[in-house]
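The report below follows the packing of helices in a single chain, and then turns to individual residues. Please read it alongside the sequence and the coordinates.

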Amino acid sequence: MRTAKLTLDGVDHLLCFSARTVRAVSDRYGGLDKMNEAFSGGDTAKLLDESLWMLSAMMDAGDRYAKLNGLDN
């Protein structure tokens, strides 16, 4: 499990690439090896949608991680 911190508008958010996130990525893209395909190509709107989905999934996992470990998030 990997964690990182992202600051948006002065507020820190914990990001986590957990097993739950891996499963969601696999369900969405058909496997981790196919995730790169979603972030390549020339469609800016699709790239933005996929980036926001990934960020949301990792923020959700970070919130779960923080709650389990008694951290403020």
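In this predicted model, helices α1 and α3 run roughly antiparallel to each other, since their axes cross at roughly 155°, and an angle over 145 degrees is counted in that class. The two axes come within 9 Å, and α1 passes α3 in a right-handed crossing. On the α1 side the residues that meet α3 are Arg20, Thr21, Ala24, Val25, Arg28 and Tyr29, while α3 contributes Glu50, Trp53, Met54, Ala57, Met58, Ala61 and Arg64. Sorted by class, this contact between α1 and α3 has 8 nonpolar, 1 polar and 4 charged residues.

## The chain as a whole

The chain contains 3 helices and 2 strands, and along the sequence these follow the pattern β-β-α-α-α. Taken along the principal axes, the C-alpha atoms fill a box of roughly 40 × 30 × 15 Å. Of the 73 residues in the chain, 22% are buried. Among the contacts with a separation of 6 or more, 47% are accounted for by residues 24 or more positions apart.

Helix α1 spans residues 19-29, and its buried residues are Thr21, Val25 and Tyr29. Viewed down the axis of α1, these buried residues fall within an arc of 50°, and they therefore line one face of the helix. An α-helix has 3.6 residues a turn, so residues three or four places apart point the same way. The face of α1 that is turned away from the buried side carries the exposed residues Ala19, Arg20, Arg23 and Asp27. The cover over the buried residues of α1 includes strand β2 (11-17) as well as the helices α2 (35-38) and α3 (44-68). Just after α1 comes Gly30, which takes a positive phi of about 85°.

## Residues compared by accessibility

| Residue | Relative accessible area | State |
|---|---|---|
| Thr21 | 2% | buried |
| Ala38 | 7% | buried |
| Glu50 | 9% | buried |
| Arg28 | 40% | partly exposed |
| Asp9 | 82% | exposed |

Thr21, which is found in helix α1, counts as buried because its relative accessible area of 2% falls under the 20% cut-off. Leaving out residues up to four places away in sequence, Thr21 touches Cys16, Ala57, Met58 and Ala61; Ala57, Met58 and Ala61 are also among the α3 residues that meet α1.

Which residues does Glu50 contact, leaving aside its neighbours within four places in sequence? Glu50, a residue of helix α3, is in contact with Arg28, Tyr29, Ala38 and Phe39. Glu50 is a buried residue, at 9% relative accessibility.

Arg28 lies in helix α1 and is partly exposed, with a relative accessible area of 40%. Not counting residues up to four places away in sequence, Arg28 touches Glu50 and Trp53.

Ala38 lies in helix α2 and is buried, with a relative accessible area of 7%. With residues up to four places away in sequence set aside, Ala38 touches Tyr29, Lys46 and Glu50. Ala38 and Arg28 are 10 residues apart along the chain, and their C-alpha atoms are separated by 9.8 Å.

## A positive phi in the strand loop

Asp9 lies in the loop between strands β1 (2-8) and β2. Most residues other than glycine have a negative phi. The phi of Asp9, however, is near 55°, a positive value in a residue other than glycine. Asp9 counts as exposed, at 82% relative accessibility.

Definitions and conventions
Residues are numbered from 1 along each chain as its sequence is written. This is a predicted model: local features need pLDDT of at least 70, side-chain atom pairs count only at pLDDT 80 or more; totals for chains, interfaces and linings use all residues. Side-chain values use heavy atoms; hydrogens and water are left out. Buried means under 20% relative accessible area, exposed over 50%, partly exposed in between (1.4 Å probe, protein chains only). Helices (H or I, at least four residues) and strands (E, at least two) are DSSP runs, numbered from the N terminus. The arc is that of the directions from the helix axis to the C-beta atoms. Contact means heavy atoms within 4.5 Å. Axes are lines fitted to C-alpha atoms, for helices over the stretch in contact, and angles run from 0 to 180 degrees between N-to-C directions. Angles under 35 degrees count as roughly parallel, over 145 as roughly antiparallel, 65 to 115 as roughly perpendicular and the rest as oblique. A crossing is left-handed if the near helix is turned anticlockwise from the far one by less than a right angle, and right-handed if clockwise. Ala, Val, Leu, Ile, Met, Phe, Trp, Tyr, Cys and Pro count as nonpolar, Asp, Glu, Lys and Arg as charged, and the others, Gly among them, as polar.
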